[in-house]
Structure formats: C-alpha cells, structure tokens
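Colleague: I would like to learn how to read strand pairing and sheet order from a model. Please take me through a case.

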Amino acid sequence: MLEGQVAVLSSGVLTPEENADVIDALFSSALYRADQNSFMLYPTVQLPSFLAKNLVPAEAVGSNPLLQALADSDDRSVIARDADGRYRFDASFANQGHLESALDRLETEPRWSNLVASHRTTTLEAYEQVFQHRAYTGRSGSMYGYEGIGSIYWHMVAKLLVAVQEAAMEAVSAGTGSATTERLINAYWRVRSGLGFNKSAKEFGAIPLDPYSHTPAHSGAQQPGMTGLVKEELLTRPLELGVRVAEGVICFDSLLLRPEELLDQQESWMIYDVDLNPGVVELEAGSLGMTLCQVPVVVSLATGDAGIEVVLADGTVEHHAGTRLDTDTSRKVFGRMGEVKRIIARLPAQMGNGA
C-alpha cells in the first residue's frame, strides 16, 4: 500500500540508503502503473463474483457445533445451505452487530442457549474469516469506480513526493555519501515526472495544469478541484526554487534547483509589495524570481561562496554570508511588515542540479 511506503519513508527509522532502496522498489512493484508513470493506492486485485462471496468454509462449520446444529436443523437465522450445498451466513446481515443480535435471540431459546454460550466467539471469528472486515481498505479494494481498484490517488502520490524530498534533505544533513544522495534526488524527479503537469492532455486524460483527485484504470483523470495535491505542491515547490524554512529561519539551498528553472535572458518582473504598491525587479539571465510572503526573492547559481543580500525599505543593504537569514529578518518577512524590500541569494551550484 502506498500509504505504508510513505509512512516508512517519513518515519526516520530507515537509513538514507534504505530509503533509496524503498523508492527504487516502488517502481518495480505492483503499485506502479507504467501507463501513467505513477503509483496506485493499492495493487490491482480481482474481485470475486457475487456468488463467490459469503461462502463459509465447510471446515469452519464442521468444527463449530452451533453452526453445524443450525445447518442440520434448517434453522436459517444465522447460517444456511444454498442450492449447491454450500454454507452461507444470513444474507440480511450487514455487519457483525446483526450477527450478534441473531445470536442473542437464539440464546433466549433453551434449545440453543448452551451452544450459543459455548460457541459465540468462534462463530464471530468465522464471520470475520469470511468477510475480513478488519482488512477492509475502502473503495480502493472493493470497487472499480471513483478512487477504486486500479486508481492512482494523486494526493497520495504528492505525499510520496514530500516524503522523498524530506529523505533527500535528511541524507544531506546526515553527511551521507554523494552516491546515495544523488539516488534520492533522482528518485524525487522520477516521482515528480509522473504528475499531471508533465503530461500532455491526451496522456493525462484531462487538462494537465488542473489538480485532479484520481485516475482510474479505465479512463483519464477524474474529479478536478482543490485536492490535497495542491497542499503538497505548496510544500515541495519552494525547494525546487532554492528556498526552504528550517527552525523558523529562511534558508536557501540548491539541492533541487535545476538550471532549467533559471532565465536564459534578462527579464523585467512586475511585482506588488506588501502594501500592494506596484514595482519592477530586473532579473538577470541565470536567475529566477519568486515571492516569499509577498517579498520579492531573486535566486541565482554562481561560483564562489554563498551569500545573501537583504534590501530594506530605507535603502539599507544587509549582507549575510552563507545560506541562512537570521531569525529577526525571517520574522520580518513572515510578518509582512514591509521592512524587507527584496532578498537576493547567490548559491553555489551543487550535485544533483542536473537530475
């Protein structure tokens, strides 16, 4: 199940090498749908036919004196033989509570009271063995429509993307070897490549730029709207542009910043500050522009040491060595106080940028 893979990647239990192995294994697992280059919620299963359901194994009846006696006496309040001689629980039972009510009624009858008292538990266990309610996983394992069997659930794929990004950052923080870190970075882009906006409308079966709930096996993407996919994109996209927040501080990081994100020629960027005043930022070739809490941020890759310039509203320019702002400046940005006019970060190119 994809939830399980995401949970273990996010648990902190595995080493970076093991995280990379889990992600590689996903692409060769039964969860992978090659036609969409992405992952289903659960592996595809073949549902039993209607008449193959609610069949009580003969050995479960034979080893249970209550069930055997009810079947032999043709008391159909709990179990009965069908026309083919197979045992089935009463078809009116919708859940275990209905079975328990039937057993309660039987226990009031002298003929059945001792048998019910002695074999209630094993009867309930037989019911669970037949219907396996504890293994129920919802639509993904019981029906073909909606987010049913064979469906890719895009919110869950996006959660996988978040987990892989976190695994890559943890590998760097732990000082893991470059080969493993590169595996995780490549895995991130491999997962990312399966999301809709990387596809044509024909491949996706819908407008690729819109968020969709799921893609079933028999058709294109279904149920457009503000799905959880949007939330995960808000979490993963900033690091792709070179920015992240750690311990309440704005940091710049080229781990996932690819050269193709950078402009290949100069461009004038129209912006609005926190007071909605218009302005223009001139972006040089080899840079990108984004806003962070409505503060314009310019990021570029360069040779040499990393450094950050913070342009304040009064025209003062603060220089920060490295890739982290201080807590006070970060607080001013997050608070939209209007004291920070612009941030310019220059980052050294780093392994993984071309992944």
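Modeller: We go through a hairpin and then a sheet in this predicted model.

Colleague: How many bridges join strand 10 to strand 11?

Modeller: Two strands count as paired if at least two bridges are found between them. Here 6 bridges join strand 10 (residues 267-272) to strand 11, and the two run antiparallel. Within the pair, Met270 stands opposite Val280 of strand 11. The hairpin has 5 residues between the strands, and Leu276 takes a positive phi near 65°.

Colleague: Which residues of strand 11 form the covered face?

Modeller: In strand 11 (residues 278-283), Gly279, Val281 and Leu283 make up the covered face. Pro278, Val280 and Glu282 make up the uncovered one.

Colleague: What is the strand order in the open sheet of 5 strands?

Modeller: The order is 12-13-16-14-15, with mixed pairing. Strand 12 (287-292) and strand 15 (317-321) each have a single partner strand, so one side of each lacks a neighbour in the sheet. From one strand to the next the twist averages 20°.

Colleague: Which strand is joined to strand 12, and by how many bridges?

Modeller: Strand 13 (residues 295-302) is joined to strand 12 by 6 bridges, in an antiparallel arrangement. Leu288 stands opposite Val299 in strand 13.

Colleague: Which strands does helix 12 lie across?

Modeller: Helix 12 (residues 327-334) lies across strand 12, strand 13, strand 14 (307-312), strand 15 and strand 16 (340-348). Its direction is at about 125° to strand 16.

Methods: Residues are numbered from 1 along each chain as its sequence is written. This is a predicted model: local features need pLDDT of at least 70, side-chain atom pairs count only at pLDDT 80 or more; totals for chains, interfaces and linings use all residues. Side-chain values use heavy atoms; hydrogens and water are left out. Buried means under 20% relative accessible area, exposed over 50%, partly exposed in between (1.4 Å probe, protein chains only). Helices (H or I, at least four residues) and strands (E, at least two) are DSSP runs, numbered from the N terminus. Axes are lines fitted to C-alpha atoms, for helices over the stretch in contact, and angles run from 0 to 180 degrees between N-to-C directions. Contact means heavy atoms within 4.5 Å.
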